[in-house]
Amino acid sequence: MPALPAPGADMSHDTLLVFEVTILVLAIFLGIEVISKVPTLLHTPLMSGTNAIHGVVIVGAMIVLGTPDKSTFTWIVGFAAVVLAAANVVGGFVVTDRMLEMFKSRERPKKQDGA
Amino acid sequence: MSYNLSNLLYLITIVAFVLALHFLSNPAHARRGNQIGAAGMLLAIVVTWIKIGSTSWWAIALAMLIGGGFGAVAARKVRMTAMPQMVALFNGVGGGAAALIALAELHQVLPPPGAPTADISLAIVLSGLIGSISFSGSMVAFGKLQELIGGRPITYAGQQFVNGALFVGALACGIALVAGVQDQWLLWITIAASLAFGVLFVLPIGGADMPVVISLLNAFTGLAVALGGFELENNLLIVSGMLVGASGTLLTLMMSRAMNRSVANVLFGAFGKVTVSAADSAAANGGQSVRSASAEDVAVMLAYAHKVVFVPGYGLAVAQAQHDVRQLADLLEEKGVEVTYAIHPVAGRMPGHMNVLLAEANVPYPQLKEMDDANPEFSRTDVAVVVGANDVVNPDARTNQGSPIYGMPILNVDDAQAVVVLKRSMNPGFAGIENPLFYNPKTVMLFGDAKESITKLVADVKSL
């Protein structure tokens with residue numbers, strides 16, 4: 001007979017899964033909501049900005065490489081994953097920053113009013 | 001660091017990412033948004049590092065230094081015109097990382113006693129599969145844009161069949177794995193087949209369709225990362241990955257809508273290999289001839305116009321002519337000419353490509369008009385200057401039902417009093433489609449490299 005988890009005990013695997021799926025679905029709607037407000041003007045920075053955000057995979061790669069008592073295989077794969085993900089993160093944010101830096105409403109800070 | 005504390009700190013990162021996207025709704029705040037996103041990322045990395053403790057810290061540091069160093073140098077050095085391939089490259093490595101994590105996770109959970117639960121193995125299989133497609137597909141897109149591989153569609157007999165077989169094979173191995181066949185080799189085969197599929201699926205897609213492909217692959221990587229979050233039970237990966245997945249999907253749909261084609265047509269239509277029929281329609285235009293003009297003639301037209309609209313296309317990026325166009329526009333504005341830029345949503349090789357190039361040349365963004373705002377303006381425009389654009393100004397899209405681009409919304413430059421087309425030669429554009437605009441009596445052609453032509457125009461306008 002399965003016992004209910006006591007309050008404060010670790011969540012069961014299924015409970016966690018349902019919770020994760022909930023978050024996933026909400027994230028889809030949040031993503032659509034936020035993105036649909038981005039003007040075409042900024043679609044390239046949007047692409048490279050979201051590109052940088054999926055570089056968060058570095059967290060996963062670090063967890064793999066940081067596993068205690070791992071096999072050589074995990075070590076090599078984890079190392080490669082961290083290298084790739086780090087390139088993704090740094091490259092993504094730097095490229096986006098370079099692009100956004102260029103978008104100006106006026107060329108030089110002239111002493112004029114209005115944007 | 002406890003599980004709950006690290007999750008709370010990850011929540012701050014999630015908020016930072018959402019803010020980063022939110023701030024992108026306005027070019028004035030967009031840069032700050034990106035910095036907030038980067039700060040959030042830094043926080044997540046620090047939290048993860050503390051959580052892991054001292055295990056392999058030097059290996060992590062070394063790997064970060066290598067990857068981050070490469071990313072920083074590449075991102076600093078790349079020219080704005082090469083931005084699409086750079087985005088494709090960074091997208092690919094992200095997908096690759098997600099696939100590697102899937103491999104490592106399966107390796108961890110597989111050995112005899114700990115059989116993975118169905119949902120974990122499903123996440124592993126899917127992120128391996130999608131991440132690999134994204135990796136190899138992005139690398140091919142990079143190769144095409146960097147012109148390491150020919151940009152034209154590469155097709156062969158039975159292509160769809162081979163692609164289909166590879167995909168089904170990858171899927172079958174994946175299903176076997178989820179169904180409980182505990183063999184690591186199945187994942188290797190899944191990944192190998194997905195890598196091959198990624199290559200073969202991007203190869204037949206023409207350069208002009210790259211905006212759709214790049215945003216789709218971006219969505220793929222996001223999805224692979226979100227699935228990685230299920231493997232590692234990490235909310236941060238799930239939410240951030242899915243944000244990117246949703247945004248990439250939305251952009252993909254918007255891009256294909258801007259071309260009036262379905263996503264499936266873009267991906268499997270091998271658009272742009274129709275060189276034979278292009279020759280036919282060229283023959284049909286045989287009765288008409290194009291008018292070619294000298295730079296002096298065009299300079300006079302421009303200098304005495306009231307309103308001039310520049311219509312940039314991929315040719316502008318190839319010729320690196322954005323600064324020269326800007327210089328010409330400045331000169332014209334000094335002479336009292338009203339200058340704007342009309343930008344088609346799929347001009348260039350990635351969404352919004354032209355906006356970035358012109359921003360690089362310091363063109364103020366209020367002068368950049370989107371298609372819907374630009375089109376009504378053409379009827380009161382004296383001269384429309386088409387710089388390296390072709391299909392996005394092709395009137396066949398409005399009138400010729402037989403044209404492959406029929407129905408695609410275009411910039412109606414032929415509503416202007418006069419049209420100047422800067423073009424290297426009469427060869428059809430990337431999509432290989434003949435353009436009747438060139439034979440329009442209102443149109444004059446200025447042949448030559450876009451950069452050289454514009455430089456000449458600048459000199460001639462100056463001397464007027």
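**View 1. Helix α6 of chain B and its cover.** Contact here requires C-beta atoms, placed from the backbone, that lie within 7 Å of each other. Helices (H or I, at least four residues) and strands (E, at least two) are DSSP runs, numbered from the N terminus. This is a predicted model, in which local features need pLDDT of at least 70, side-chain atom pairs count only at pLDDT 80 or more, and totals for chains, interfaces and linings use all residues. Residues are numbered from 1 along each chain as its sequence is written, while chains are lettered from A and ligands numbered from 1 in the order in which they are written.

View 2. A residue is buried if 20 or more other C-beta atoms, placed from the backbone, lie within 10 Å of its own, exposed if 12 or fewer do, and partly exposed in between. Helix α6(B) has 20 residues (159–178) and should span 28 Å at 1.5 Å a residue; the end C-alpha atoms are 29 Å apart, which agrees. The expected span is 1.5 Å times one less than the number of residues. Just after α6(B) comes Gly180(B), with a positive phi of about 115°.

**View 3. Helix α12 of chain B (295–303)**. Here the buried residues are Ala295(B), Val298(B), Ala299(B) and Leu302(B). Down the axis of α12(B), these buried residues fall within an arc of 105°, so they line one face of the helix. An α-helix has 3.6 residues a turn, so residues three or four places apart point the same way. Among the elements of chain B that cover the buried residues of α12(B) are β1 (307–312), α14 (322–334) and α18 (450–463).

**View 4. The contact between chain A and chain B**. Chain B gives 95 residues to this contact and chain A gives 78 residues. Among the elements of chain B that give two or more residues to the side touching chain A are α1 (3–23), α2 (30–52) and β3 (368–370). On that side of chain B, α4(B) gives the most, with 16 residues. By class, the side of chain B that touches chain A has 58 nonpolar, 31 polar and 6 charged residues. Ala, Val, Leu, Ile, Met, Phe, Trp, Tyr, Cys and Pro count as nonpolar, Asp, Glu, Lys and Arg as charged, and the others, Gly among them, as polar.

**View 5. Thr48(B) in helix α2 of chain B**. Thr48(B) is buried, with 24 other C-beta atoms within 10 Å. Leaving aside neighbours within four places in sequence, Thr48(B) is in contact with Val59(A), Met62(A) and Ile63(A). Thr48(B) and Tyr10(B) are 38 residues apart along the chain, and their C-alpha atoms are separated by 9.1 Å.

**View 6. Val311(B) in the largest nonpolar core**. A nonpolar core is a set of buried Ala, Val, Leu, Ile, Met, Phe, Trp, Tyr and Cys residues joined through C-beta atoms within 7 Å. The largest such core has 198 residues, of which Val82(A), Val311(B) and Val386(B) touch the most other members. Helix α4 (residues 72–102) of chain A gives the most to this core, with 18 residues. Not counting residues up to four places away in sequence, Val311(B) touches residues including Ala342(B), Val386(B) and Leu411(B).

**View 7. Two loop residues of chain B, Glu147(B) and Gln320(B)**. Glu147(B) lies in the loop between α5 and α6 of chain B, and its phi is near 65°, a positive value in a residue other than glycine. Glu147(B) counts as exposed, with 11 C-beta neighbours inside 10 Å. Gln320(B) lies in the loop between α13 (314–319) and α14 of chain B; its phi is positive, about 55°, although Gln320(B) is not a glycine. With 16 C-beta neighbours inside 10 Å, Gln320(B) counts as partly exposed.

Terms used
Contact = placed C-beta atoms within 7 Å. Arc of directions from axis to C-beta.
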